[in-house]
Amino acid sequence: MLEIGERPWGKYFVLADEPNYKLKRIEVNPGQKLSYQYHYKRQEQWTIIEGDATVVLDDKEINLKYGESIFIPLGAKHRMMNLSEKPVVFIEVQTGTYFGEDDIVRIEDEYDRS
């Protein structure tokens, strides 16, 4: 494990951090959601590996189950939500030119982060 990040909504594990991609395992606790955000320097592919997720992509809600994936284009507004009573776990593959946490532009955040 390269990095483990604790967040108010759950936690993430960085599995790979290479020059041309970053790979994370992300766990979202029941009833929690990530901030509504976008990125200037990366796009993402999410694949659900546990639970039932609700994704908001450019203001449209999309329900995903085990084995389903969604592509988050560069600059697209997005958020992962767990509206269920069981954990949601997904794999995130980031591709682009930069993968730092400071490339997160938050539009809305339940935990008052900027």
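Which residue in β7 is the bridge partner of Val55? In β7, that partner is Ile62. Here are some notes on the surroundings of that pair and on a few other places in the model.

1. **What the model is.** This is a predicted model, in which local features need pLDDT of at least 70 and side-chain atom pairs count only at pLDDT 80 or more, while totals for chains, interfaces and linings use all residues. Residues are numbered from 1 along each chain as its sequence is written, and side-chain values use heavy atoms, with hydrogens and water left out.

2. Helices (H or I, at least four residues) and strands (E, at least two) are DSSP runs, numbered from the N terminus, and two strands pair if DSSP finds at least two bridges between them. On those terms β6 (residues 53-57) pairs with β7 (residues 60-64) in the antiparallel sense, over 5 bridges. β6 is also joined by 4 bridges to β9 (residues 78-81), again antiparallel. Thr54 has its bridge partner in β9, namely Met81.

3. **How enclosed β6 is.** Burial here goes by relative accessible area: buried means under 20%, exposed over 50% and partly exposed in between, with a 1.4 Å probe and protein chains only. For β6, 5 of the 5 residues are buried, so the strand is largely enclosed by the rest of the structure. Ala53, Val55 and Leu57 point one way from β6, Thr54 and Val56 point the other way, and all are buried.

4. **The turn from β6 to β7.** The hairpin has 2 residues between its strands, and Asp58 takes a positive phi near 50 degrees there. Asp59 lies in the loop between β6 and β7, and its phi is near 75 degrees, a positive value in a residue other than glycine. Most residues other than glycine have a negative phi, and most peptide bonds are trans. Asp59 is exposed, with a relative accessible area of 56%.

5. **Another positive phi.** Asp112 sits in the segment after β11 (105-108). Its phi is near 55 degrees, positive although the residue is not glycine. Asp112 has a relative accessible area of 75% and is exposed.

6. **Strand β5 and its partners.** β5 (residues 42-50) and β10 (residues 88-96) pair in the antiparallel sense over 8 bridges. Within this pairing, Glu50 has Val89 of β10 as its bridge partner. β5 is also joined to β8 (residues 69-72) by 4 bridges, with the strands running antiparallel. Here Trp46 has Ile70 of β8 as its bridge partner.

7. **Aromatic pairs.** Rings of Phe, Tyr and Trp (its six-membered ring) pair if their centres lie within 6.5 Å; planes under 30 degrees apart count as stacked, over 60 as edge-to-face and the rest as tilted. A search of the whole structure finds 2 such pairs. Tyr38 and Tyr40 form an edge-to-face pair, 5.6 Å centre to centre and with 80 degrees between the planes. Tyr40 is exposed, at a relative accessible area of 57%. Trp46 and Phe90 have ring centres 5.0 Å apart and planes at 55 degrees, so this pair is tilted. Trp46 lies in β5 and Phe90 in β10, so the pair ties together parts that are 44 residues apart in sequence. Trp46 is buried at 1% relative accessibility, and Phe90 is buried at 0%.

8. **Charges over rings.** A charge sits over a ring if NZ of Lys or CZ of Arg is within 6 Å of the ring centre and within 35 degrees of the ring normal. The charged end of Lys24 sits over the ring of Tyr12, 4.2 Å from its centre. Likewise, Lys41 has its charged end over the ring of Tyr98, at 5.1 Å from the centre.

9. **The cavity.** On a 1 Å grid over the protein atoms alone, a cavity is a set of points where a 1.4 Å probe fits but cannot get out, and lining residues have an atom within 4 Å of a point. Grid points are joined across faces, edges and corners, and a volume is the space filled by probe spheres set on the points. The search finds 1 cavity of 30 Å³ or more, and the largest cavity holds about 190 Å³ of space. Its lining has 19 residues, of which Trp9, Leu34, Gln37, Glu101 and Ile104 are the closest to the centre.

10. **Who supplies the lining.** β3 (21-28), β5 and β10 each supply at least two residues of the lining of the largest cavity, and β5 gives the most, with 3 residues. The lining divides into 6 nonpolar, 5 polar and 8 charged residues. In that count Ala, Val, Leu, Ile, Met, Phe, Trp, Tyr, Cys and Pro are nonpolar, Asp, Glu, Lys and Arg are charged, and the others, Gly among them, are polar.

Note on methods: On a 1 Å grid over the protein atoms alone, a cavity is a set of points where a 1.4 Å probe fits but cannot get out, and a pocket is an open set with protein on both sides within 12 Å along at least five of seven lines; lining residues have an atom within 4 Å of a point.
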